Amino acid sequence: DVLEDFKSKVGQHIEILDLEQFGKSLFIDGEIQVASTDEHLYSSTFVGSGLNLNKENERAAIIGGGDGGVARECISKNFNFIDWYELDPEVVDVCNKHLVDIGKKATEKNSVKCVWGDAFDSIKSISDDTYDHIFVDLNDDQFCIDLASKNMDSLVRILKPKGVITAQVGSQDKKPKQVNNWCKVLEKNFGNVTLSKAHIPSFDCNWNFASSIMK
């Protein structure tokens, strides 16, 4: 069943489909982003990958992640402050409407501050050494790898000493070159990278998350 089908003001084709096997699911530009039946596998592995390297949970930044799953996980791990940088508020709104069990209305929590617009413009005003964790939940394509690479100096600047950056980097099963390119960017800037994975049934593959810690 098609529950939503529209183009957002920032130009993304947004669909909410109720799939027989995976339940209500978010698609952006024709690609599945999250399914209600297995989203917890994605978000829990994502946030857990960063916390495995550093347990500090004072302050986190989320870049992307419009469905709210990563924000929900950060809340569940008792982060005191969560700055959520999201380009497209219409994605968040439609997920709050149809996928409420994923985000659990994270935008309404006192610990969460939503910053709308281009994340990499927004973080220019953030003080040095602000975040214990940065979670980069952008699209899994070369454009976003290049975008993150271009702005990596800013991401490094706002991480605390021993802070961790974690990115969803796609699937070694389906696009090993892409995962490798992500890892190269992180290795170049941090000198280390740790790869985690979770099998996501709605993606029909293992999905990878790469984390690097400030030395």
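Reader: Is cysteine 95 buried or exposed in this model?
Author: The structure is a predicted model, in which local features need pLDDT of at least 70, side-chain atom pairs count only at pLDDT 80 or more, and totals for chains, interfaces and linings use all residues. Residues are numbered from 1 along each chain as its sequence is written, and side-chain values use heavy atoms, with hydrogens and water left out. Buried stands for under 20% relative accessible area, exposed for over 50%, and partly exposed for the range in between, with a 1.4 Å probe and protein chains only. Because cysteine 95 has a relative accessible area of 1%, it is buried.

Reader: How many disulfides are there?
Author: A disulfide is taken as a pair of cysteine sulfur atoms within 2.5 Å. For cysteine 95, the nearest cysteine sulfur, that of cysteine 114, is 13 Å away; for cysteine 114, the nearest, that of cysteine 74, is 12 Å away. By this rule the count is zero.

Reader: Which residues of helix α3 are buried?
Author: Helices are DSSP runs of H or I with at least four residues, strands are runs of E with at least two, and both are numbered from the N terminus. Aspartate 88 caps the N-terminal end of α3, a side-chain oxygen lying 3.1 Å from the backbone nitrogen of glutamate 90. Within α3, which spans residues 89–98, the buried residues are Glu90, Val91, Val92, Val94, Cys95 and His98.

Reader: Which backbone oxygen does the side chain of histidine 133 reach?
Author: Histidine 133 lies in strand β8, residues 131–137, and is buried, with a relative accessible area of 0%. Counting contacts as heavy atoms within 4.5 Å, histidine 133 touches residues including Gly50, Glu56, Phe79 and Val164, when residues up to four places away in sequence are not counted. At 3.2 Å, its side chain reaches the backbone oxygen of glutamate 56.

Note on methods. Polar contact = N/O pair within 3.5 Å; in protein donor to acceptor, adjacent residues only side chain to side chain.
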